[in-house]
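This briefing sets out selected features of the structure shown below. The points are grouped by topic for reference alongside the coordinates.

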Amino acid sequence: MEHLARLFNTLTNSEQKVFTYIYHNEQKVMTMKINDLAKATFTSKTVIINLAQKLGFEGFSDLKYYLKTSYNSENSNKVLEDLQYSLKENIERTFKVIDIALYKNIAKEIIKAKAVYVFARGTSKAAGHHLNHMLLTLGIKCIFVQDYNLSTIVGNTLEKDEMVILISLSGKTSKILEIANIAKMKGCKTVAITSFGTNELAKISDYTFACVSDETETKFNDSSSRIGIFLVIEMLVNTIKEYIKK
């Protein structure tokens, strides 16, 4: 209603009264009938219709439709603004917990490993695909085990000079924890990419790359953003590139 307020001085006293009521009760007016609004403002249907027409609408129904669409648009913009802020915050906080020395150390370990195995489940599989693809393009032997039924079988074939990278936002994914324990028993170096804080995967793994996320519980809702995980992967891949160039 804000940009319609420029017409406020062109309205009669009764119309201004209705306008003011609508301005302060937009959501309520969206569901009101014209008679209800007239009663609430101690005016008449004619006053409301005249007001609507002076504001550029055919009638009260068009004015209500305008209020609904404007409200939905504002809500949509608010949601997007909140999302933008949240993602930006997570990215900035992830950068703050980055340990450059750790990235350099793991980059060298990955380069000299006989093979690198990547394990991920659910929505995190997209990050696993990306890491696998990037390592392969750098000439590193990398195998992404995405088949749930093959995970344990592959885990049992691991060798000491191989490396295992485990991706889990929550750090509680049961199959990922199972593989982490198998890898530890096999004597493989294990690297976790998980959310910042204390979780089971971080405890089990030899090394942990942490990312920051507002939501880390994925068991019942796996739609949480993995932007922090992708950021960690980009940092790791680019660190490896620098060592390969030398």
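In this predicted model, Phe19 has a relative accessible area of 4% and is therefore classed as buried, the cut-off being under 20%. Phe8, at a relative accessible area of 26%, is partly exposed, because that value falls between the 20% and 50% limits.

- Phe57 and Tyr66 are both buried.

- Tyr66 is located in helix α5, which spans residues 60–96.
- The relative accessible area of Tyr66 is 17%, and since this is under 20% the residue counts as buried.
- Between Tyr66 and Met30 the C-alpha to C-alpha distance is 9.1 Å, while the two residues are 36 residues apart in sequence.

**Gln16 in helix α1**

- Gln16 lies in helix α1 and is buried, with a relative accessible area of 18%.
- When neighbours within four places in sequence are set aside, the contacts of Gln16 are Phe8, Asn9 and Leu11.

**Packing of α1 against α3**

- The axes of α1 and α3 are 10 Å apart, and the two helices pack at an angle of about 105°.
- Because angles from 65 to 115 degrees are classed in this way, α1 is roughly perpendicular to α3.
- On the α1 side the contact is made by Lys17, Val18, Tyr21 and Ile22, and on the α3 side by Leu37, Ala40 and Thr41.
- By class, the residues in this contact of α1 with α3 comprise five nonpolar, one polar and one charged.

**Packing of α8 against α9**

- Helix α8 (residues 148–155) and helix α9 (residues 174–186) have axes that come within 9 Å and cross at roughly 10°.
- Since angles under 35 degrees count as roughly parallel, α8 is placed in that class relative to α9.
- The crossing of α8 with α9 is left-handed.
- Tyr148, Ser151, Thr152 and Gly155 of α8 meet Lys175, Glu178, Ile179, Ile182 and Lys186 of α9.
- The contact of α8 with α9 has three nonpolar, three polar and three charged residues.

- Phe42 is situated in the loop between α3 (34–41) and α4 (45–54).
- The phi angle of Phe42 is near 55°, which is a positive value in a residue other than glycine.
- Phe42 has a relative accessibility of 70% and counts as exposed, because the value is over 50%.

Notes: Residues are numbered from 1 along each chain as its sequence is written. This is a predicted model: local features need pLDDT of at least 70, side-chain atom pairs count only at pLDDT 80 or more; totals for chains, interfaces and linings use all residues. Side-chain values use heavy atoms; hydrogens and water are left out. Axes are lines fitted to C-alpha atoms, for helices over the stretch in contact, and angles run from 0 to 180 degrees between N-to-C directions. Helices (H or I, at least four residues) and strands (E, at least two) are DSSP runs, numbered from the N terminus. Angles under 35 degrees count as roughly parallel, over 145 as roughly antiparallel, 65 to 115 as roughly perpendicular and the rest as oblique. A crossing is left-handed if the near helix is turned anticlockwise from the far one by less than a right angle, and right-handed if clockwise. Contact means heavy atoms within 4.5 Å. Ala, Val, Leu, Ile, Met, Phe, Trp, Tyr, Cys and Pro count as nonpolar, Asp, Glu, Lys and Arg as charged, and the others, Gly among them, as polar. Buried means under 20% relative accessible area, exposed over 50%, partly exposed in between (1.4 Å probe, protein chains only).
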